[in-house]
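These notes are meant for a colleague who is opening this structure without having seen it before. Please keep the sequence and the model side by side while reading the points below.

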Amino acid sequence: MAPKIGLIICSQRTPRAGLQIGASILNDLQGTDTVRMNAIALSLIDLQQWNLPMYDEPGIPSQIHSSDQYVHPHTRRWSEEITSYSAFVFVTPQYNWGYPASIKNAIDYLYNEWKGKPAMIVSYGGHGGGKAAEQLKQVLHGVRMRPVERTVGLTFPSKETLMRAAEGREMDLSFWEKERREVVEVFDEMVALLNQA
């Protein structure tokens, strides 16, 4: 069966740059030989659309092994969605030196659905989001995922560009040409990890 890889938009802010950045990365990846040769199906997973409430399950996720063991329908749907993927690309902003609460909450809903799956992190922000990426990587290790060591940081080239992004306005992302090539390289590393499984 062809592997399915989910690209998670980690921000739920309105307005936001995350969806535009994530869609651009998805487009870059879909044009690669790695995706074609491995028949990979890539999909966006937008946390804004999922709009999960703060964790409200009575059970401990690590003790739950089937979606029907969850109490709430939104958790069962989230469990089934994440179970359907073989690996993940996390696209996260950096807010106040950390990653958004929305992605921590979305991860914490589940455990076995994440376990063992390869992942990579692309961060963005005024300074590239490296602190958020490192913190998120620790959390991914905590749910026993296999994150690629290398992360990619996308730094907005000017305060004006950062403000355009914060306002959710359209941007020409060609200023990240080098970084976008690096995203493809790290994606290839993640797929190699997936193929080792």
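Predicted model: local features only at pLDDT ≥ 70, side-chain atom pairs only at ≥ 80, totals over all residues.

1. Residues are numbered from 1 along each chain as its sequence is written, and side-chain values use heavy atoms, with hydrogens and water left out.

2. Which residues does arginine 150 join in a network of salt bridges? The network links Arg150 with Glu182, Glu185 and Glu189, a salt bridge being a side-chain nitrogen of Lys or Arg within 4 Å of a carboxyl oxygen of Asp or Glu. Between arginine 150 and glutamate 185 the closest N and O atoms are 3.4 Å apart; this pair links distant parts of the chain, since arginine 150 sits in the loop between β5 and β6 and glutamate 185 in helix α8, 35 residues apart. Glutamate 185 is itself partly exposed, at a relative accessible area of 42%. Helices (H or I, at least four residues) and strands (E, at least two) are DSSP runs, numbered from the N terminus.

3. The side chains of glutamate 182 and arginine 150 also meet in a salt bridge, at 3.8 Å from N to O. That pair again links distant parts of the chain, with glutamate 182 in helix α8 (residues 177–196) and arginine 150 in the loop between β5 and β6, 32 residues apart.

4. How many salt bridges does a search of the whole structure find? The search finds 11, and one that deserves a look is formed by arginine 16 and aspartate 46, whose closest N and O atoms are 2.7 Å apart. Arginine 16 lies in the loop between β1 and α1 and aspartate 46 in strand β2 (residues 41–46), so the pair ties together parts that are 30 residues apart in sequence. Both arginine 16 and aspartate 46 are buried.

5. Helix α6 (residues 130–142) has 13 residues and reaches 19 Å from its first C-alpha to its last, close to the 18 Å expected at 1.5 Å a residue, where the expected span is 1.5 Å times one less than the number of residues. The buried residues of α6 are Ala132, Ala133, Leu136, Lys137, Val139 and Leu140. They cover an arc of only 160° around the axis, which puts them on the same side of α6; the arc is that of the directions from the helix axis to the C-beta atoms. Among what covers these buried residues are β3, α5, β4 (118–125) and β5 (146–147), contact meaning heavy atoms within 4.5 Å.

6. Leaving aside residues up to four places away in sequence, lysine 137 touches Ile121, Pro147, Val148, Glu149 and Thr151. Just after α6, arginine 144 takes a positive phi of about 65°.

7. Strand β6 (residues 152–155) has a covered face made up of Val152 and Leu154, and an uncovered one with Gly153 and Thr155. In a regular strand the side chains alternate between the two faces of the sheet. β4 and β6 pair in the parallel sense over four bridges, pairing being assigned if DSSP finds at least two bridges between two strands, and valine 122 has valine 152 as its bridge partner in β6.

8. A cis peptide bond, with omega about -5°, joins threonine 14 and proline 15, and proline 15 is placed in the loop between β1 (4–9) and α1 (18–30). Asparagine 96 is exposed at 77% relative accessible area, and tryptophan 97 counts as exposed at 61% relative accessibility.

Notes: Buried < 20%, exposed > 50% of the residue type's maximum accessible area, 1.4 Å probe, protein only.
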